[in-house]
Amino acid sequence: MGRGKKKVHPKTRTAAFKASEPSEVVEAPHSFIIHRGLSCPYITDLTLDFRRIMEPFTATNLREKKMNRIKDFVSLSSFFHVSHMGIFNKAATQLSFKVVRLPRGPSLTFKVHQFTLARDVISCSKKQMIDVDHFKHPPLVIMNNFSGDGKHLKLMATTFQNMFPSINLAQVSIDTIRRCVLFSYNTETKLVEMRHYSVQVVPVGLKKAVQKIVSGTVPNLSKCNEVIDFVTRDGYASESEAEDDEQSHVVLAQTLKSKGNLEDCKSSVKLHEIGPRLTMQLIKIEEGLLTGEVLYHDHVVKTEDEKETLRKLIEKKRKLKEQRKKQQTENRARNLKLKKEQNLAAKHEESDADDDAQYYKDEVGEDPDEELFKHDNKSRKRHKLPGGMKYKNKKPKLDKKPMKKSKSK
C-alpha cells in the first residue's frame, strides 16, 4: 500500500496562499455586492450586473442565503481583502443602495429612482460591443460635476473613486483600458447618474473598406472584379468622417493590439454603452458600519443640541454593550473555573476510594470485593448507542415464499 498524502494544517495553507498572491492583487480594492430585503428577480439581475462592473476584483459567484447577516460578510472581508460592500435593499415602497467602507465605515445610503438592466441596454443599442476580455481589467472611473460646496460631495466622490483600483498614468498600458464607468452629479436635482461603457479605438482616415481589410474581416468581393474595385467603390466613405466628432480624435502614445492603431498615429475613441444604468440620490451618511452617528441627512436637519443628545445616547449604548461583553467574559471564566474544580473533586474522590482499597488489603491480607469501595456517581442514562443500534430496530424480515400445500390423500 502507498503512503497517504501528508495533511497540511489550514493555517499553514492559508499563510502560503496569501504569500503567493502578488502585491497588486492584495492592495487593490475588492468588493462584495449583495442584495437584501424582499425577493425580486429584477433586483437579483441588477446585483449580478453591478458585479460585472466591479470585475475582476469582486466576488462574481458569491452565493447568498436568507439566513446570512451583514456581519457574516464583514467577518470574511479581511481574509479576501474586501474594502467595500454594496447592498441593494428592496423594501415595500422603495429600493435603496448602500455603499459601506469595511471594516469600520463610513456608510453611504442612496435612494434608487430608476435603473435599467444590462440586457435591456444592450438590446436597444445599434452596435453591441461585448467582449469577455473587457472584464479582465478594472474600468476607468470618470467623475463629473462633483466639485460643489459641501463635504458630503467630496466624501461621495472619494468613495466612488476608492471602489476601483487607481491608475498610474506613467506605467499604465492603454490596451488594458477597455471599459469606463461614469458618475455624473446634477446640482439642481441632486441625482447621481451612473453609466457603464465599453471603449473601442478605431484608426482615423481609413475608408470603411480599408478598415475592414485592416481589421481582418473577410469582405464580400462577389460583385467586384478586383480588390481595387472594392476599395474605390462609391458609398464606402470614411466611417470616422461620417460619424465621429473631432473631439474624439487622439494621438496614441502606445501601439495597441487592435490592428491599425499605431504609436504617434491619430485614432478615434468610441464608447458603446453596455449597462446597467442607475439614477440615485444620496440620502444619508453614517459614521460607523450602518449603525453610527449620522453625519449628513438630506431630509432631516438637526440642531446642535439634538446632535449632542444623539451623541450621548449612542455613547450610552456603546458603554452598555461593553459592560455586557465584560460581564459575559467574567461569567464564562467563572463557569470554566467551576468546571475545573468539579473535575478535580471527582478525581480526588476516586483517589480516596483507591486508598481505602489499598488499606483494606494491607490490614486483612486479601483484596476487597469490587462493590465494597465502588463509588459510581455516573448517570445510568446511556449517552451513545452501541454500534449495532445506531438506527431504529427494523422489523424482522418474513419469508414471503408461499408454503407448499400438502396434497390431500
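Is Asp264 buried or exposed, and what is its relative accessible area? Asp264 is exposed, with a relative accessible area of 60%, where exposed stands for over 50% relative accessible area, buried for under 20% and partly exposed for the range in between (1.4 Å probe, protein chains only). The structure is a predicted model, in which local features need pLDDT of at least 70 and side-chain atom pairs count only at pLDDT 80 or more, whereas totals for chains, interfaces and linings use all residues. Residues are numbered from 1 along each chain as its sequence is written, and side-chain values use heavy atoms, with hydrogens and water left out.

The protein chain contains 10 helices and 11 strands, taken as DSSP runs (H or I of at least four residues for helices, E of at least two for strands) and numbered from the N terminus. Of its 409 residues, 27% count as buried. Its accessible surface, from the Shrake-Rupley method with a 1.4 Å probe, with only the protein chains shown counting as cover for residues, comes to about 30,800 Å², and 52% of this belongs to carbon and sulfur atoms. Where contacts (heavy atoms within 4.5 Å) join residues at least 6 apart in sequence, 65% of them are between residues at least 24 apart.

Helix 4, which spans residues 70-77, has Phe73, Val74 and Ser77 as its buried residues. Seen down the helix axis, these buried residues fall within an arc of 105°, so they line one face of helix 4, the arc being that of the directions from the axis to the C-beta atoms. Lys71 and Ser75, on the other side of helix 4, are exposed. The cover over the buried residues of helix 4 includes strand 1 (30-37) and strand 2 (82-90).

The loop between helix 3 and helix 4 holds Pro56, and the peptide bond that leads from Glu55 to Pro56 is cis, with omega near 5°. In general, most peptide bonds are trans and most residues other than glycine have a negative phi. Lys190 belongs to the loop between strand 6 and strand 7 (191-203) and is partly exposed at 39% relative accessibility, while the exposed Asp264 is in the loop between strand 8 (249-251) and strand 9.

The structure holds 13 salt bridges, each defined as a side-chain nitrogen of Lys or Arg within 4 Å of a carboxyl oxygen of Asp or Glu. In one of them, Glu64 pairs with Arg51, and the closest N and O atoms are 3.0 Å apart. This pair links distant parts of the chain, with Glu64 in the loop between helix 3 (41-54) and helix 4 and Arg51 in helix 3, 13 residues apart. Glu64 is partly exposed at 21% relative accessible area, whereas Arg51 is buried at 3%. Another salt bridge joins Glu308 to Arg311 at 3.3 Å between the closest N and O atoms, and both residues lie in helix 10 (304-364), 3 residues apart, about one turn of the helix. Glu308, at 37% relative accessible area, is partly exposed, as is Arg311 at 33%. Salt bridges that share partners also join Glu193, Arg195, Glu273 and Arg277 into one network. Within this network, Arg277 and Glu273 form a salt bridge whose closest N and O atoms are 2.6 Å apart; Arg277 is partly exposed at 32%, and Glu273 is buried at 18%.

Ser184 is located in strand 6 (residues 179-186). Its side chain makes a polar contact of 3.0 Å with that of Asn144; a polar contact is a pair of N or O atoms within 3.5 Å, of which, within protein, one must be able to donate a hydrogen and the other to accept it, and residues adjacent in sequence count only if both atoms are side-chain atoms. Apart from neighbours within four places in sequence, Ser184 is in contact with Asn144, Phe146, Leu191, Val192 and Glu193.
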